[in-house]
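Load the model in your viewer and keep the selection panel open.

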Amino acid sequence: MPMPKTVPVSVDAMLEDLRTLVETESPSRERDALSSSAKVVAAVIESRLGGQAVLVESEAGPHVHWSAGGDPKVLVLGHHDTVFPLGTLERRPFAVADGRATGPGVFDMLGGLVQAVHGLAALDDRSGVEILVTADEEVGSHTSRSLIEERALACGAVLVFEGAADGGALKTGRKGCGTFQVAITGLASHAGLEPEAGVNALVEASHQVLDIAALGRPELGTTVTPTVASAGTLDNVVPAGATVIVDVRVESAEETARVESAFAALSPHLAGARIEVRGSIVRPPMPESASASLFALARRLRPGLEGRAVGGGSDGNFTAALGVPTLDGLGAVGGGAHADHEYLLVDAMTERANLVTELVRAIQHA
């Protein structure tokens with residue numbers, strides 16, 4: 001298929017494609033929905049850029065890969081899975097009003113995908129450009145990580161189209177992040193007749209929550225936050241089991257090692273209780289040094305552009321850890337990621353698409 005002629009970036013065309021993507025629901029782990037979504041993403045890419053987008057099958061769902069050909073120079077990275085369950089669209093349909101586009105996934109990160117594609121469409125020469133849109137970013141990128149890393153190393157520069165930071169700032173650094181599950185095994189007994197005969201997993205879990213929370217080092221950027229807990233079966237039974245889930249964010253490899261070692265060393269407070277820990281810090285930290293060269297390039301193109309290190313993780317964490325220059329937050333300007341009030345600022349779409357055009361062109365000729 002021949003490459004289409006260069007056309008100016010059109011807000012109406014971007015909103016048309018955004019509606020198409022949003023109205024194809026794509027919750028993580030819903031493989032049939034993700035298969036449909038991948039086909040729609042591929043069709044949007046092909047209609048705007050020509051060529052052929054390849055669906056890369058995985059257990060999580062299809063990833064979408066497109067290449068303009070030539071020597072790889074820049075990887076445009078995103079994902080098409082969203083956190084919203086099937087049926088959200090019926091309750092919260094796509095809409096544009098008062099300068100905002102709303103609907104499930106508009107900010108994280110379907111708007112960014114649309115802006116990236118339309119920005120690339122404005123290039124006369126797209127050689128060396130690749131696009132990778134994965135199906136499992138919201139649930140850890142377990143099936144896509146190796147492909148992400150392979151294409152990042154091949155291209156040598158990565159632009160991530162996750163939503164922008166507050167005020168439209170680019171994301172120049174990210175914390176490493178992971179989830180730990182602490183399972184406690186106790187011994188059931190009658191809570192009224194002989195509570196002393198049991199080993200109370202809920203009490204043990206309470207001790208563990210305090211120990212775990214104490215692992216945080218805010219002054220070093222490390223947060224360790226127990227987020228979900230469950231225990232017990234009936235109100236007159238000493239709980240025989242409990243589970244605590246913990247969110248962890250770190251800024252350095254040293255803190256990664258310290259926190260993972262601390263979780264491995266957790267020990268019970270109650271005689272007879274047993275503890276099993278699963279999990280790790282899956283996404284390594286993305287230091288600001290990884291984005292320095294690309295952010296400087298973006299600042300030359302847009303002198304007023306700001307950069308910010310943020311706590312959330314993305315697939316840019318993986319590429320930065322390889323030493324590949326990585327710039328994140330190039331996507332939609334808006335807010336409310338993962339929430340019902342998620343929105344995208346329509347007026348910012350053209351400017352962000354134009355930044356894609358200029359940034360990619362500068363990378364191509366660097």
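A cavity here is a set of points, on a 1 Å grid over the protein atoms alone, where a 1.4 Å probe fits but cannot get out; lining residues have an atom within 4 Å of a point. A volume is the space filled by probe spheres set on the points, which are joined across faces, edges and corners.

The model is predicted: local features need pLDDT of at least 70, side-chain atom pairs count only at pLDDT 80 or more, and totals for chains, interfaces and linings use all residues. Numbering starts from 1 along each chain as its sequence is written, and side-chain values use heavy atoms, without hydrogens and water.

Select Val41, Ile45, Leu113, Val117 and Val133: of the 14 residues lining the largest cavity, these are the closest to its centre. That cavity holds about 100 Å³ of space. Color α4 (106-121), which gives four residues, the largest share of the lining. (Helices, H or I, at least four residues, and strands, E, at least two, are DSSP runs numbered from the N terminus.)

Next, show Leu21, Val22, Thr24, Glu25, Ser26, Thr82, Phe84, Pro104 and Leu110, which line the second largest cavity, of about 50 Å³.

Now move to the open antiparallel sheet of four strands, ordered β10-β11-β9-β12; strands pair if DSSP finds at least two bridges between them. β10 (223-231) and β12 (274-283) are its edge strands. Select Thr179 and find Ser280 of β12 opposite.

Finally, select helix α7 (253-264), which packs on this sheet and touches β9, β10, β11 and β12; contact means heavy atoms within 4.5 Å.

Notes. On a 1 Å grid over the protein atoms alone, a cavity is a set of points where a 1.4 Å probe fits but cannot get out, and a pocket is an open set with protein on both sides within 12 Å along at least five of seven lines; lining residues have an atom within 4 Å of a point. Axes are lines fitted to C-alpha atoms, for helices over the stretch in contact, and angles run from 0 to 180 degrees between N-to-C directions.
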